[in-house]
Amino acid sequence: MGNIDWKKLREEAKKRETLSLKEEKWTNRIVKFIILGITITLLLTMGGFYWYYSQSLKPVNLDNSEKVEVTVPIGSSSSDIANLLKENNLIKNAEIFRFYMRSKNLSDLQAGTYEFSQTMDADQIIEQLKAGGKPVFVDVDKKITVIEGMQVKDIAKLVSENTSITEEEFLKTVNDETFIDSLITKFPSLMEGIKEHEGVRYILEGYLYPATYDYIAGMSANELITKMVETANLRFQEVREQVDVHWMTYHQILTLASIVEREGVTDDDRAMIAGVFFNRLEAGMPIQSDITVLYALDKHKEFVTIEDTQVDSPYNLYMYNGLTPGPINSPSMSAIQAVLNPTWNDYYYFVADLDTGDIYYSATIEEHDALVEEYVNKRQESIERAQSENENESESPETTTLSPENEETMPEVVDESSE
């Protein structure tokens, strides 16, 4: 066995140990760099996601405040709502919005019609959804009651509030000539000559009989209006014999009845008022009904002014003699019977006490003016005093009624109930 070089062995061992330590250090460094890299990547990814998440909940466009109407159907889930908002470009990301809603444990979001804008962030939209919007209309079977004296536009509003038929659709249908032709075919005696009257605002005004109707979900405007005209035809047939011997056409009878409908309340008063109107027509006097002026103005108000009575409309029976081009509302059978069977009298004027509802008649303008002073002007003066006591700066002038004899000295306001 030869001599061992221990010195050399120690040096080689030292070199190997040093090399091993260096490799371990580098390995540790590499591991640390990998861990650091992974950590940084995760942090960057999380930061990017958080940034994207927060940005997705911010307003779509702060410069666009235009309102967007959105209807959330009954039974909509959070996903449905999120998708609906995204379709209307009101949120940036539907999935993130849905996740955000769920993170807030929202379960009380309400169906309805809402108005949002692109300036709203997620929290503002959610708060509005929680508050609720306009109720969602559900088309169901209903009963629609047309009240005596309702105008076509009022019936259209009533129908739109209770059915899927819009006001615009209803009003368009009552003037649709093709539809009117179909009604003429179905109800020829009732609808005779209905398209021949010039200046009529709504062709079917007065022909939608006041009654309660069954609306079936999904029913069209044509179908509902046809039912109303059908009822008008049934009631017309009940008085057909009286109409056939009358000197007026049924259209004229309906027209005068629609005025009588609003001027009187009881059967007796309506019959008396019809008699007064016939006396004025026979004498060549204008009917001078404030009801017709209001229809010409297309508005409701308590007092009719001198300016109102000067509106140039065939419906203004202060300006024109005779009758209006057609009915101004849907008269009741009470008003129709009043015209068919008036209480004949010698009166040319009448005035109503608005406090009691009593109607006072007179044969001369002097008697009429005295009644107006008693039941209209004094009432108006009382109203003015009450307004003055309440420090109301607006003062109403004296009120009275119009007649051919006093037109030159007409006051500024004409009481609606006086003739």
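## Notes on the predicted model

1. Helix 10 and helix 13 cross in a right-handed sense. In this predicted model, the axes of helix 10 (residues 250-263) and helix 13 (residues 333-340) come within 8 Å and cross at roughly 115 degrees. On the helix 10 side the contact is made by Tyr250, Ile253, Leu254, Leu256, Ala257, Val260 and Glu261, and these meet Ala335, Ile336, Ala338, Val339 and Leu340 of helix 13.

2. As to the chain overall, its secondary structure comprises 14 helices and nine strands, and buried residues account for 41% of its 419 residues. Of the contacts between residues at least 6 apart in sequence, 65% join residues that are at least 24 apart.

3. The aromatic side chains deserve a separate point. The count of aromatic pairs comes to ten. One of these pairs is formed by phenylalanine 277 and phenylalanine 350, with 5.8 Å from centre to centre and 65 degrees between the planes, an arrangement that is edge-to-face. Phenylalanine 277 belongs to helix 11 (residues 267-282) and phenylalanine 350 to strand 6 (residues 349-352), so this pair ties together parts of the chain that are 73 residues apart in sequence.

4. The C-alpha atoms of leucine 281 and glycine 322 are separated by 6.4 Å, although the two residues lie 41 residues apart along the chain.

5. The loop between helix 11 and helix 12 contains glutamine 288, which is not a glycine and yet has a positive phi of about 55 degrees. Most residues other than glycine have a negative phi, and for that reason the backbone at this position may be worth a look. Is glutamine 288 buried or exposed? Glutamine 288 counts as buried, because its relative accessibility is 0%.

6. Helix 12 (residues 290-297) is itself mostly covered, with seven of its eight residues buried; the buried residues are Asp290, Ile291, Thr292, Val293, Leu294, Tyr295 and Ala296. Aspartate 298, which follows helix 12, has a positive phi, near 60 degrees. Tyrosine 295, one of the buried residues of helix 12, has arginine 201 lying over its face, at 4.3 Å from the ring centre. Arginine 201 also lies over the face of tyrosine 315, in that case at 5.6 Å from the ring centre.

7. Asparagine 89 is a further residue other than glycine with a positive phi, here near 55 degrees. Its place is in the loop between helix 2 (78-87) and helix 3, and asparagine 89 is partly exposed, with a relative accessible area of 36%.

8. Threonine 173 is part of helix 6 (residues 167-173). Its relative accessible area is 7%, so threonine 173 is buried. Apart from its neighbours within four places in sequence, threonine 173 is in contact with Phe179, Ala221, Asn222 and Ile225.

Definitions and conventions:
Residues are numbered from 1 along each chain as its sequence is written. This is a predicted model: local features need pLDDT of at least 70, side-chain atom pairs count only at pLDDT 80 or more; totals for chains, interfaces and linings use all residues. Side-chain values use heavy atoms; hydrogens and water are left out. Buried means under 20% relative accessible area, exposed over 50%, partly exposed in between (1.4 Å probe, protein chains only). Helices (H or I, at least four residues) and strands (E, at least two) are DSSP runs, numbered from the N terminus. Rings of Phe, Tyr and Trp (its six-membered ring) pair if their centres lie within 6.5 Å; planes under 30 degrees apart count as stacked, over 60 as edge-to-face and the rest as tilted. A charge sits over a ring if NZ of Lys or CZ of Arg is within 6 Å of the ring centre and within 35 degrees of the ring normal. Axes are lines fitted to C-alpha atoms, for helices over the stretch in contact, and angles run from 0 to 180 degrees between N-to-C directions. A crossing is left-handed if the near helix is turned anticlockwise from the far one by less than a right angle, and right-handed if clockwise. Contact means heavy atoms within 4.5 Å.
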